[in-house]
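This report is a guided reading for someone meeting the structure for the first time. Please keep the sequence and the 3D view at hand while following the sections below.

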Amino acid sequence: MQYDVIIIGAGVAGLYAASLLPKEKKVLIINKRETFKCNSFYAQGGIALAKDRDDIPLHIKDTQEAGAGLCDEEAVKILSHNSRSVIDDLIARGFEFDCDEAGNLLYTKEAAHSTSRIIHAGGDATGRYVHYFLLKNNQHSMLSDARVVDLLIKDGECYGVTVLDNRQSTNIYAKDIIIASGGVGSLFEYHTNAPCISADMQGLCLMKDIKLEHMEMMQFHPTVFVNSDNAQKLLLTEALRGEGATIEDENGKRFLYEYDERGELASRDIVSKSIYDYTKKTGLKTYLNLKNFDYHYFVQRFPNIYKNLRDIGFNVPDQRVPISPAFHYAIGGIKTDLKARIPNVKRLYAIGEVASVRVHGANRLASNSLLEGLVFAKEAVNDILSNTKPKKTLEFEVSDEIMSLKEDKSKKNELRQIMWQNVSIVRTKSGLNDALDRINALLKENIGKLLKFRLLTAKEIVLSALAREKSIGVHTISQEKE
């Protein structure tokens, strides 16, 4: 069970990293559930990129402005300067983005972008199309329905992982390990993430003294249909507002201009907080109005949203849809350098949503997420391939820990409620302290290791939120008297 590279996660970041590793390398991709159960699969809007050399400074500026001054400027430069090359690489491999009749890429605009620079595939199914393409062309081994439950680290170097497969734990070794396991959606009662995205690796890293950063920066998407019993709520992509959808209250009033002159095209954090505040003040429900769309264009441009909304009874685009903000994206994560390396552990990398390379700052610019996964997957692989130093092999004992208990399920649901009520769009110091007390109490109970992962990650989010006393970007501390 010795490999050159182990990749934890089979979303776009992990699969693109695998695609860049030569066929002769012995690579293992470890996938927690079915291959489609990842956030990449559900990414609707598209991929942002600097269209040409002249657009690079504008893309950098838009990204930094959305990030409210907390972006790492060098990371943003790497993202933008390399955006065209990763897209061209996908196209050269045979991937087809949506084009006009002349074969030119179709660009659309989304909130907080100064120009139309988002490309898409399958209308509103970009993530699904890219994910399927990379999966179909993958030439490396994959272990599915298995989860990583330990990192094998000694003297500041990672030698492999422990995998739970069919309730049995096994050690698998590699020269290099890439974590690409996604975000933290299942920590929140209302979210748009794949159901199995549950903050395992973030919690495991905390147990291994690997630093997480900016964990208070949790992004909530403003336009989500939450009136369903499914854990995963229906996302209504930013591209809808970019192309003419409006937000209004139940009386038809477009109230967003009271909060920002850009209205529907303000950044996600502003729109989410505006909806939250307006609903709290007025008690009125909020809707997404799609009447500006021509029927035939809507069906062609947003086929999946059209089908999903029709299936639950909405006559779109004529009928408006009730919306609410819901958790969408973890901006913070495992701290890495600009080569995706985890600083204090050799031969260990993190890419995609699980990582914090500080490219998004305090608020991710729309459609920069898939781009980040692609660009920094390439940075990680380039670093791995350039490291030709031999690595000694070590063998570790297989840990024999209790992974889950029957009572853990109800505690997971309790945690989701704690996080949604106290650590979501607008936070108060008293609410955060209450969340911290309740999470600490759960950690003292008899629980399995998998639940401990979630609780430790949730605790880190709360501690990070308490440490940042001023509102910025997606992190909002209410100044109201408690």
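## Terms and basis

Two strands are said to pair if DSSP finds at least two bridges between them, and the helices (H or I, at least four residues) and strands (E, at least two) are DSSP runs numbered from the N terminus. This is a predicted model, in which local features need pLDDT of at least 70 and side-chain atom pairs count only at pLDDT 80 or more, while totals for chains, interfaces and linings use all residues. Residues are numbered from 1 along each chain as its sequence is written, and side-chain values use heavy atoms, with hydrogens and water left out.

## Strand β9 and its partners

Strand β1 (residues 2-8) runs parallel to strand β9 (residues 168-179), the two being paired over six bridges, and within this pairing I8 stands opposite I179 of β9. Strand β9 also pairs with strand β18 (residues 348-350), again in the parallel sense, through three bridges, and here I178 is set opposite Y349 of β18.

With strand β8 (residues 157-165) the sense is antiparallel, over six bridges, and T162 stands opposite N171 in β9. The hairpin formed by β8 and β9 has two residues between the strands, and N166 takes a positive phi near 55° there.

## Two open sheets

Four bridges join β13 to strand β14 (residues 286-289), and the bridge partner of T246 in β14 is N289.

Another open sheet has three strands in the order β10-β17-β19, and its pairing is mixed; the edge strands, β10 (212-213) and β19 (355-356), each pair on one side only. Strand β10 is antiparallel to strand β17 (residues 333-335), with two bridges between them, and L212 has I334 as its bridge partner in β17.

## Nonpolar cores

A nonpolar core is a set of buried Ala, Val, Leu, Ile, Met, Phe, Trp, Tyr and Cys residues joined through side-chain atoms within 4.5 Å, where buried means under 20% relative accessible area (1.4 Å probe, protein chains only). The largest such core has 61 residues, of which L151, V161 and I179 touch the most other members. Helix α14 (residues 449-467) gives the most to this core, namely eight residues. Apart from this core lies another, of 49 residues, with C71, A75, V359 and A377 among them.

Contact means heavy atoms within 4.5 Å, and, not counting residues up to four places away in sequence, the residues touched by I179 include I8, L151, M201, I334, Y349 and V354.

In helix α4 (residues 83-93) the buried residues are S83, V86, I87 and L90. Seen down the axis of α4, these residues fall within an arc of 100°, so they line one face of the helix; the arc is that of the directions from the helix axis to the C-beta atoms. The elements against which they pack include α1 (12-20), α3 (73-81), α5 (126-136) and α11 (369-386). After α4 comes G94, which has a positive phi near 115°.

Helices α3 and α11 pack at an angle of about 95°, with their axes 9 Å apart, and are therefore roughly perpendicular to each other, a description used for angles of 65 to 115 degrees. Axes are lines fitted to C-alpha atoms, for helices over the stretch in contact, and angles run from 0 to 180 degrees between N-to-C directions. At this packing, A75, I78 and L79 in α3 meet L371, E372, V375, F376 and E379 in α11.

Key
Buried < 20%, exposed > 50% of the residue type's maximum accessible area, 1.4 Å probe, protein only. Parallel < 35°, antiparallel > 145°, perpendicular 65-115°, else oblique.
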